[in-house]
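Have the model open and click along as you read.

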Amino acid sequence: MENKTNKLIAAHYQLFTINDNGERKLVEETSQDQPFVFITGFGAALDALEEQLENLERGAKFDFELDKDKAFGEYEPKRVIDLNKEMFVVDGHFDSKNIFKGAQIPLKNEDGNFFIATVLEIGSDKVKVDLNHPLAGNKLNFKGYIIENREATKEELQTMLNHLNGGGCSGDCGGCEGGCGHHEGGCGHHEGEGHKDGGCCGHCH
């Protein structure tokens, strides 16, 4: 594999979904003070998104679409599963503060990968969750411009390595709020490695 420069890229963008009927919907927009920032070569962004942005200069505008297979794939009904409610018990009590209908929660599979699930329903002994990425089944359209595109410093690379080696959220995921696999305000961040057919081992407290 060729040695490639790891670039730090910051971008401001609007993200639109395009469904099978061609309907477009704005689902996300970064802000000037909180752009989407990532380092290339670490799988921190969708591969296709990284490919589109890595060679653009500072100030360059972009407007491109990603097909479902380049984004988050098809929506798969089999990824809607029931989990034992006891998985979400903390100190003898159900974690109702973080586990509620519509909540996006960090989970871990057998391989130790963290990912995000959406709570669909809470029953008497089961919690129904959707392991599909929230944007699965949609074509994506990114529109925006590059704020920064430069070689990442050794310190920035080390910080990224520490983050990856720590499993993303380290041991305490209570403050994840979407940080385990769902970037702070950015869908382009993280492909959702845990969205495979492996079962769930636990809730990230």
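Let's begin with a histidine: His-12 is buried, with a relative accessible area of 11%. (Buried is under 20% relative accessible area, exposed is over 50%, and partly exposed is in between, using a 1.4 Å probe and protein chains only.) His-12 sits in strand 1, residues 7–18. Helices (H or I, at least four residues) and strands (E, at least two) are DSSP runs, numbered from the N terminus.

Before going further, a note on what you're looking at. This is a predicted model, in which local features need pLDDT of at least 70 and side-chain atom pairs count only at pLDDT 80 or more, while totals for chains, interfaces and linings use all residues. Residues are numbered from 1 along each chain as its sequence is written, and side-chain values use heavy atoms, with hydrogens and water left out.

**Around His-12**

Which side chain does His-12 join through a polar contact? The partner is Thr-30, at 2.7 Å. A polar contact here is a pair of N or O atoms within 3.5 Å; within protein, one must be able to donate a hydrogen and the other to accept it, and residues adjacent in sequence count only if both atoms are side-chain atoms. Setting aside residues up to four places away in sequence, His-12 also touches others, including Phe-62, Lys-143 and Tyr-145. Contact means heavy atoms within 4.5 Å.

**The nonpolar cores**

Phe-62 turns up again in the largest nonpolar core, which has 27 residues; Leu-49, Leu-53, Phe-62, Leu-66, Leu-140 and Phe-142 have the most contacts inside it. Such a core is a set of buried Ala, Val, Leu, Ile, Met, Phe, Trp, Tyr and Cys residues joined through side-chain atoms within 4.5 Å. At least two core residues each come from strand 1, strand 3 (36–39), helix 1 (47–53), strand 4 (61–66) and strand 11 (139–151). Strand 1 gives the largest share, 5 residues. Apart from this core lies another, of 13 residues, with Leu-107, Phe-115, Val-127 and Val-129 among them.

Strand 8 (residues 104–109) and strand 9 (residues 114–122) pair in the antiparallel sense over 5 bridges; two strands pair if DSSP finds at least two bridges between them. Pro-106 has Ile-116 in strand 9 as its bridge partner. The hairpin of these two strands has 4 residues between them, and Gly-112 in it takes a positive phi near 85°. Strand 9 also pairs with strand 10 (residues 126–130), antiparallel over 4 bridges, and Thr-118 finds its bridge partner in Asp-130.

**Salt bridges**

Side chains of opposite charge can pair when their charged atoms come close. The whole structure has 9 salt bridges, each being a side-chain nitrogen of Lys or Arg within 4 Å of a carboxyl oxygen of Asp or Glu. Here are some of them:

| Pair | N to O distance |
|---|---|
| Lys-139 and Glu-65 | 3.2 Å |
| Asp-67 and Lys-139 | 3.7 Å |
| Lys-68 and Glu-74 | 3.3 Å |

Lys-139 is partly exposed at 28% relative accessibility, Glu-65 is partly exposed at 41%, and Asp-67 is partly exposed at 42%. In the remaining pair of the table, Lys-68 is buried at 17%, whereas Glu-74 is partly exposed at 47%. Salt bridges with shared partners join Asp-20, Lys-68 and Glu-74 into one network.

The chain comes to 2 helices and 12 strands, and 41% of its 205 residues count as buried. Among contacts between residues at least 6 apart in sequence, 73% join residues at least 24 apart.

The chain averages a pLDDT of 81, and 79% of the residues score at least 70; pLDDT is the predictor's confidence in each residue, from 0 to 100. Where is confidence lowest, and where is it highest? The lowest mean, 48, is in strand 12 (residues 200–203), and the highest, 97, is in strand 4. Over residues 167–201, pLDDT stays under 50. Where pLDDT is low, the predicted coordinates should not be read in detail.
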